[in-house]
Amino acid sequence: MYQWDFGSLWQFKSIIGIGFVYTLSYTVACIALGLLVGLVVGLGRLSSNPFISGPLRAFVEVFRCTPVLVQLVWFYYALPVLLGIEMSAGTAAMLSLALYGGAFYSEIIRGGIVSIDVGQSEAGWALGMTRFQLMKRVILPQAFKRMTPPLVNQSIMQLKNTSLLSVLAVPDLLYQGQIIAHETYRPLEIYTLVAIIYFLILLPATIWAKRLETRLSAQHG
C-alpha cells in the first residue's frame, strides 16, 4: 500500500513558490494584454469596412479554432523560423496566450456592444455626439456590465491555460512540479499539491464569477 509523504516536499517550498509566482505573473500579463488585443479587435470587427473587419475576423477564427497547445508550440518553434528571429520560451508563451485570449475577449466585447439597443446610439447621434463620444459615454458603460461575467470566466480560463507553459520549459507551477517529481520520485504528492494549489485559486474565483453573473442578471431582470 502506497505511503503518502507530503513532508518530503517541504524542502522544495522555494521552488514551488517560484512556480506559483511565475504562474500568477503570466496569468495577469496575459489577461491584460489579451484584454487590450480584444478591445482593439472587437471594436475593429464592428467596422463596416471589409478590409478592416475581414482580416480581424480571420484572426479571431484562427485562434478560436486551433488548440492553444498547438499555438504555443507553433509560436515557439515555427514563428521564429518564419520570421528569422530568436524568441525565448517566455516571449513565445506570452504572445501566444495573449493573442489566444484576445480572440475570445474580442467576441465578448463585440457581443456586449451589439447587444445595446440601437435607440441608445440614435439618441447619441441626435445630441450631436461623435462616434468616439457615443462609444465612451453611452455604449461601453452599459455594455461593460453585460460583458463582465464572460470576461471574468475567460480570465479564469487563461489561468488554467498557464499550466500548458511547462511544455515550453517555462518555470511555472506545473514545470517546477515536474522537476520535483524527478528529484524525489514522488509524483503523486507533488502533482496532487499542484492540483490543490490550482483548486484553491480557481474555486474562489469561480464562485465570485458566478455570484457576479447572478447579481448582474438580477439587475437587468
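## Loops, rings and pockets in a predicted model

Ala169 has a relative accessibility of 41%, so Ala169 counts as partly exposed. The structure described here is a predicted model. Ala169 is placed in the loop between α6 and α7 (173-184). Its phi is positive, about 65°, although Ala169 is not a glycine.

A positive phi is also found in Tyr185, another residue other than glycine, with a value near 55°. Tyr185 belongs to the loop between α7 and α8 (187-220). Is Tyr185 buried or exposed? Its relative accessibility is 68%, and because exposed means over 50%, Tyr185 counts as exposed.

### The annotated region

The UniProt record, an unreviewed entry, carries the annotation "domain: ABC transmembrane type-1" for residues 20-209. Over residues 20-209 the chain is 83% helix and 0% strand.

### Aromatic rings

How many aromatic pairs does the model contain? The count comes to 8 aromatic pairs. In one of them, the ring centres of Tyr22 and Tyr26 are 6.3 Å apart and the planes meet at 20°, so the pair is stacked. The cut-offs behind this are centres within 6.5 Å and planes under 30 degrees apart. Tyr22 and Tyr26 both belong to helix α1 (residues 13-45), where they are 4 residues apart, about one turn of the helix. Tyr22 has a relative accessible area of 34% and is partly exposed, whereas Tyr26, at 12% relative accessibility, counts as buried.

Phe63 and Phe75 form a tilted aromatic pair, with 6.2 Å from centre to centre and 40° between the planes. This pair links distant parts of the chain: Phe63 lies in helix α2 (residues 50-64) and Phe75 in helix α3 (residues 68-83), 12 residues apart. Both Phe63 and Phe75 are buried. They also belong to a cluster, in which ring pairs link Phe59, Phe63, Trp74 and Phe75.

The charged end of Arg64 sits over the ring of Phe104, at 6.0 Å from the ring centre.

Rolling a probe the size of a water molecule over the atoms shows where empty space is left.

| Pocket | Volume | Lining by class |
|---|---|---|
| Largest pocket | About 250 Å³ | 9 nonpolar, 1 polar and 2 charged residues |
| Second largest pocket | About 190 Å³ | 5 nonpolar, no polar and 2 charged residues |

The lining of the largest pocket includes Leu46, Ile113, Val114, Ile116, Asp117, Ser121, Trp125 and Arg131. Three helices, α4 (89-114), α5 (118-126) and α6 (131-161), each supply at least two residues of this lining. Which helix gives the most to the lining of the largest pocket? That helix is α6, with 4 residues.

The second largest pocket is lined by Leu43, Leu46, Arg131, Phe132, Met135, Lys136 and Leu140. Here too the largest share comes from α6, which supplies 5 residues of the lining of the second largest pocket. Leu46, Arg131 and Met135 are found in the linings of both pockets.

Technical notes
Residues are numbered from 1 along each chain as its sequence is written. This is a predicted model: local features need pLDDT of at least 70, side-chain atom pairs count only at pLDDT 80 or more; totals for chains, interfaces and linings use all residues. Side-chain values use heavy atoms; hydrogens and water are left out. On a 1 Å grid over the protein atoms alone, a cavity is a set of points where a 1.4 Å probe fits but cannot get out, and a pocket is an open set with protein on both sides within 12 Å along at least five of seven lines; lining residues have an atom within 4 Å of a point. Grid points are joined across faces, edges and corners, and a volume is the space filled by probe spheres set on the points. Ala, Val, Leu, Ile, Met, Phe, Trp, Tyr, Cys and Pro count as nonpolar, Asp, Glu, Lys and Arg as charged, and the others, Gly among them, as polar. Rings of Phe, Tyr and Trp (its six-membered ring) pair if their centres lie within 6.5 Å; planes under 30 degrees apart count as stacked, over 60 as edge-to-face and the rest as tilted. Buried means under 20% relative accessible area, exposed over 50%, partly exposed in between (1.4 Å probe, protein chains only). A charge sits over a ring if NZ of Lys or CZ of Arg is within 6 Å of the ring centre and within 35 degrees of the ring normal. UniProt positions are given in the numbering used here, feature names are shortened, and annotations may be inferred rather than shown by experiment.
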